[in-house]
Amino acid sequence: MSSDARRLAEIERLYRARFPHFVRVAWAVTGDREQALDAVQEAFAGAIRSRRSLRRDDALEPWVWRAVVNASRDRRRAQPELPEVFAEPEASSNGRVEVSGALRLAIAELPERQRLAVFLRYYADLDYRGIADVLGIETGTVSATLNAAHRSLRQTLQEVER
Amino acid sequence: MIELDERLRTELDLLVPLPDDLGEWEDVLRRAVSPRRRRRRALVLALTVAAVVGLAVSPVGGAIARQVGDFSAWLTGDPGEPASAEDQRAFEESNARSWAGFPEGTKLRRLISTEAAGGSFELFGFRTGDSLCLRLTVEGLKPGAPATSCAPLRELRAADSPAVVVLVDYGVGRQNVQPNEDGYVPPQASASFGVVADGVVAVELETGEGPAPALVANNAFLAVTPNPPLRLRSQSLVAQSADGERTEVPIAESPFGNSFPAANPGEAPGPTEIDRRVDRGTIGWLFRREPRGQSLAEAGFDRWGFPFTRGGDVLFARVVKPDPVGHARVALGLVDVQRDPAWMLPRPTGEQFCSILSALPDVTLGSCGPVGSLFAHKPVTFSVSGSLGGSQYQVLHGLASDDVARLEVYLATGERLAVPLTDNVFAMEIARTKFPIRLVGYDADGRVVAIWTASDPLTRSGPRPVEGEMRVAKRVVTPTGQVATLRTGPATEGRGCWELRRSGEGEGGGCHQLEHTGPPLPLNASTSGLVFGTPAPEIAAVELRFRNGERVRTEPVGGVVLHALTAAQLESGGLELAIGLDDDGDEVARQRFER
């Protein structure tokens, strides 16, 4: 098998192994499942088109994650309103704001880098090194970013349950 | 922190659950060659693809192949993954039952799997000898026998296009619809498959009803069309490379029933004049009974009994491989025929010469004839044979007398290939898209001693039925209960076409040639009580005279005579005489019938 065919096979393997996780992150970013599917498909299509420019020792997965995140952000920016998933929650019938709704709002209000770090941590199960590769930041910065996100989200959870 | 982590994970799971979607890799491949197309549902996507096919399609050429890579994955590697033990075992069991089976130890590679029309389709591939073979298995649809078809590796080595089509329009299952007036029911799915060069990321089949996207993986493609309309036939293929290059690859259309596609126009290049005439050639080693090749037992040809032994004693027989790296084998035998064989044709008794070909996949055919008739007037005997109608390859095979030192075949594409010739036997696979061909035999001095030209046998030249215009013209029932239905219709040129379906006997058909050839009254009288034939156009009516003294006058319908005897006519000895009459009632032809 040629190196080109081998690289194509690697991309296909990654797609088949991690497709739901890619979609999940994209869904979280775009707030729309169809947009998410579209973003993932486009990201992988781009990976195929660019596979010859990847060096042999380039790690494929972070490259594709970056493509998925970027494609998702592009779609998110194209939407004038807040994504549906993270839209402002409605009060329940007893007037109490549900946890998920509050958390949804809290996530939506996180700075973008923190929000992406949360998605990659919890939806993609990436470790700090992986998140750093995707976001193009140092591993230590990932730690600080996630800590900041956790503080905000913990506060929200505590307020809702009070 | 741990507690928050768990809480967060739980809440985030509720917000965006993990999708159970497995994705559509083929959609990714299509997008890779058509950037910025947005994903919709598969059907919509297929239609979108349909809209862009035809744009920027490149002609087939060497440059294309260089851009997308080559077939090295198939020539030197093993694409795909090993078949499951169950699939491998099923193949081996099937292979063991086949007279022209693949060599023991042939290992399947699993290439593509898909679900369609309620069936599970799996495409396997393997190399054997100098051939690449693909095998499609279908679960859940009946009929759905595995389809195996092969291409010579030579085609892959020299391919100037990024795809090699192996089999098209293989129908499986039967749609739950009423048969059409010919009794045909469309299949539940139609499958086409082949191999692609490195770098090909998408393949689309053109069927005349818009392009049908194929699955592409492991250097192979598989297109499955669910619930195709009757007569849906693949016409061409477009292979797309990752950088957007699109290349059209021709397909040899498969026949439908008695309807054969038009033959490729033109003729093959090559010599047209015989330099030296050779009569009464021979195969010296065979008649000297030299033990060339293998014995029947060594070649495994005796597993079910050598066919020639039916009705005769094998005096001497050997099995020869014309191409040492090929799979085709030919058995040559001298048989002492004491009575008519049960299923072979030779009617004369006495010593006969028989040959039988075993070629990939499941091509097994042979013939016998008087020893003296072999090479009586030509030093080469030829035939072109195949198995499945949708196969893209035919086997050119035959025998050459000792006067022939070498053979060449000239293809319509301009290619000129040496034909493997060993111990007077030759066989090679030829792509149907490369017909017509010209086979040329040379003697030891390089003189042309044999020329034979041929069109693809799965095509027809000359007049063809006008599509959709055939109508039932006459239906008769014989005393034995056989129903014969005659359908006639206009032809693309000439006097029209006909089809005859006889219950229990299948069907036949043809078109009237522009000029009638042969006897003016060529009628056949069957033992079931059917009289049938295509008389000359000047015959306006036929008087049939029976041995019981009765006479019947019948007129050709659409140029065809079709008549059923009564029980009395049949029991009294049947037809004795037919008299052809012109418009004025004058006799213009007469035909006698033996008891």
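**Entry 1. Confidence**

I began with the scores for the complex, for which the predictor gives an ipTM of 0.86 and a pTM of 0.58. For chain B I noted a mean pLDDT of 82, with 84% of its residues at 70 or more. Chain A averages a pLDDT of 77, and 77% of its residues score at least 70.

I then looked up the stretches in which pLDDT stays under 50. In chain A, residues 81-98 form one such stretch, and the model has 35 contacts for them beyond four places in sequence. In chain B, residues 36-68 stay under 50, with 72 contacts beyond four places in sequence. Residues 340-347 of chain B also stay under 50, and for these the model has 13 such contacts. I keep in mind that where pLDDT is low, the predicted coordinates should not be read in detail.

**Entry 2. The sheet from β2 to β6 of chain B**

In which order do the 5 strands of this open sheet stand? I recorded β2-β3-β4-β5-β6 in chain B, with antiparallel pairing. Strands β2 and β6 (147-152) of chain B each have a single partner strand and stand at the edges, so one side of each lacks a neighbour in the sheet.

Strand β2 of chain B (residues 81-82) is joined to β3 of chain B (residues 109-116) by 2 bridges, and the two run antiparallel. Here B:E81 stands opposite B:R110 of β3(B). On to the next pair: β3(B) is joined to β4 of chain B (residues 119-128) by 7 bridges, again antiparallel. In that pair B:R110 faces B:F124 of β4(B), and B:I112 has B:L123 as its bridge partner in β4(B). The hairpin of β3 and β4

I examined the turn next. The hairpin of β3(B) and β4(B) has 2 residues between the strands, and B:A117 is found in this loop. Phi of B:A117 is near 50°, a positive value in a residue other than glycine. I noted this because most residues other than glycine have a negative phi, and most peptide bonds are trans.

I counted 2 disulfides over all chains and looked up one of them. B:C133 and B:C150 form a disulfide with their sulfur atoms 2.1 Å apart. The link of B:C133 and B:C150 is right-handed, with 105° about the S-S bond. B:C133 lies in β5 (residues 131-139) of chain B and B:C150 in β6 of chain B, so the pair ties together parts that are 17 residues apart in sequence.

The loop between β5 and β6 of chain B holds B:P143. A cis peptide bond joins B:K142 to B:P143, with omega about -5°.

**Entry 3. The sheet from β18 to β22 of chain B**

I turned to an open sheet of 4 strands in chain B, whose order is β18-β19-β23-β22 with antiparallel pairing. At its edges stand β18 (380-385) and β22 (421-422) of chain B, each with a single partner strand, so one side of each is left without a neighbour in the sheet. Strand β18(B) pairs with β19 of chain B (residues 393-400) over 6 bridges in the antiparallel sense. Within this pair, B:F382 has B:G398 of β19(B) as its bridge partner.

I also checked the loop between β23 (425-431) and β24 (437-442) of chain B, where B:P436 has its place. B:F435 and B:P436 are joined by a cis peptide bond with omega about 0°.

**Entry 4. The hairpin of β35 and β36**

Strand β35 (residues 575-581) and strand β36 (residues 587-592) of chain B pair in the antiparallel sense over 5 bridges. B:A578 stands opposite B:Q591 of β36(B). This hairpin has 5 residues between β35(B) and β36(B), and B:G585 in the turn has a positive phi of about 85°.

**Entry 5. Cavities**

My search of the whole structure found 2 cavities of 30 Å³ or more. The second largest cavity has a volume of about 40 Å³. Which residues line the second largest cavity? I listed B:D169, B:S190, B:S192, B:L205, B:T207, B:A223, B:T225, B:L232 and B:S234. The lining divides into 3 nonpolar, 5 polar and 1 charged residues. Strands β8 (189-196) and β11 (220-226) of chain B each supply at least two residues of this lining.

Notes:
Residues numbered from 1 in each chain as written. Chains lettered and ligands numbered in written order. Predicted model: local features only at pLDDT ≥ 70, side-chain atom pairs only at ≥ 80, totals over all residues. Heavy atoms only, no water. Pairing = 2+ DSSP bridges. 1 Å grid on protein atoms, 1.4 Å probe; cavity = no way out; pocket = protein on both sides within 12 Å on 5 of 7 lines; lining within 4 Å. Points joined across faces, edges and corners; volume = space filled by probe spheres on them. Nonpolar A, V, L, I, M, F, W, Y, C, P; charged D, E, K, R; others polar. pLDDT = per-residue confidence, 0-100. Contact = heavy atoms within 4.5 Å. Disulfide = S-S within 2.5 Å.
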